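Hello,

Here is the structure I promised to pass on to you. Have a look at it first, and then read my notes below.

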Amino acid sequence: MKTRITELLGIEYPIIQGGMAWVAEYHLAAAVSNAGGLGLIGAASAPPEVVREQIHKARELTDKPFGVNIMLMNPNAEEVARIVVEEGVKVVTTGAGNPAKLMPMWKENNVKVIPVVASVAMAKLMERAGADAVVAEGMEAGGHIGAATTMTLVPQVVDAVSIPVIAAGGIADGRGFAAAFMLGAEAVQMGTVFCTATEAITHAKYKERIIKAKDIDSEVTGMSHGHPIRCIRNNMTKEYLRLEKEGAGMEELEYLTLGSLRKAVVEGDVVNGTVMAGQIAGMIKQEKSCAAIIEGIIGEGSKLLGRV
Ligand code: TUI
C-alpha cells in the first residue's frame, strides 16, 4: 500500500506506532519497524541520555527506519531534539505542544518532522513552519487529548493542508484503518493496541486491563485545568474526578498523579495508577505480536478499500 507517507518514511505499510510514555521503548519500536510500520521511541519525560541509549538499542534490533516522539511538555525537549539530530534519527513526531522553535534545526539536518495536532489551526501553523506531515489526533485517543473527534478532525485537517495527514484516535483494526483512509488520511497512528502487543514491555496487568475494558470504561481527567488526559476508569480516576468536582487546585491534582503512569505501566498497579488508553480499548480482545496486528489491519483494511 503506497501513500505519500510510506514514500516519505521509506516504510512498507502506512502504520505508525504512537510514542506512549513508558511503553514506547526500543523493543516495541523495533518490532513495529521490523513488521513494516514506523516504530517510535517515546522520549516522554526520560532523561536525554536514556533516549540516546534507546536509539542505540533499537538499532541493534532493526535496520528499518524508526523515529523518536518528543513530548513538548518535557523541560528537556530541546536537548532530546538535539540528540535526535546527533544520532542521525530521520523522523520525529511531537506531541502536547507547538514544536515550531525546534523545526529549523531538524529541517537543516534533513529530519522529517511530523507534529501531532488536535486542531485545524495547529495543522496549518505546522504546515507553514515546514512540517512534512501531521498526525490529526481525535479525542478518542488515550493520554493527553484535544477536543475534536477523529471523525470530524481528520477531514477538516485534510481539507486545510496539502501535506499528508495521518489519522489517530480510536483506530485498532482494518475497519478503523479503512475509515481513516475514506476521510482522506494517508496513514494511521495507533497507540492502545500496541500497548497490548507481545513485544511491548507494558506490565501484564496493564495489558489485561485494556483487554478486559468495555466500551464505556474510559474517563477524562484534568479537563478543569486544561490538561485533559484519557484513561481507563479505576480508583485513581474516581478520586481525581471527585477532587476535581470539589474544585481542587491544580497542585493537589498533580500530586495525586505524580508517578502514577509509571506505577501502572511498570509496576502493574492498574487500580491506583493511571491506565492511559484510548476509547478503542473496548474492542481489543487479545495480545498479539506487532506483525500479527499490522498484517491483520492491512489485510482487512485493504480489502475494505478495494486495494487487494
Ligand atoms: O501528546 C499526546 N499524548 C500524550 S503526551 C502524554 S505525557 C503525559 N504524562 C502524564 C501527564 C500528562 C502528559 C500522554 N499522552 N498526544 C498528542 C497530542 N498533542 N494530543 C493533543 C496534542 C496537542 C495539544 C495542543 C498538540 C498541540 C497543541 O497545541 C497547543 C499549543 O501549544 O498551542
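For the classes used here, Ala, Val, Leu, Ile, Met, Phe, Trp, Tyr, Cys and Pro count as nonpolar, Asp, Glu, Lys and Arg as charged, and the others, Gly among them, as polar. On that basis, the shell around the ligand consists of eight nonpolar residues, five polar ones and one charged one. Please keep in mind that this is a predicted model.

The ligand site comes next. In total, 14 residues surround the ligand, and the closest are Ala96, Val116, Met122, Glu137 and His144. From Ala96, a backbone N or O atom lies 3.0 Å from a nitrogen atom of the ligand. His144 also uses its backbone: a polar atom there is 2.8 Å from a ligand nitrogen. Glu137 places a polar side-chain atom 3.1 Å from a nitrogen atom of the ligand. On its own, the ligand has 720 Å² of accessible area, and the protein covers 68% of this.

On the H11 side, Met236, Glu239, Tyr240, Leu243 and Glu244 meet Glu252, Leu253, Leu256 and Thr257 of H12. This contact has five nonpolar, one polar and three charged residues.

Best wishes

Note on methods
Residues numbered from 1 in each chain as written. Predicted model: local features only at pLDDT ≥ 70, side-chain atom pairs only at ≥ 80, totals over all residues. Heavy atoms only, no water. Near = heavy atom within 4 Å. Polar contact = N/O pair within 3.5 Å; in protein donor to acceptor, adjacent residues only side chain to side chain. Areas by Shrake-Rupley, 256 points an atom, 1.4 Å probe, with all protein chains shown as cover. Contact = heavy atoms within 4.5 Å. Helix = DSSP H or I, 4+ residues; strand = E, 2+ residues; numbered from the N terminus.
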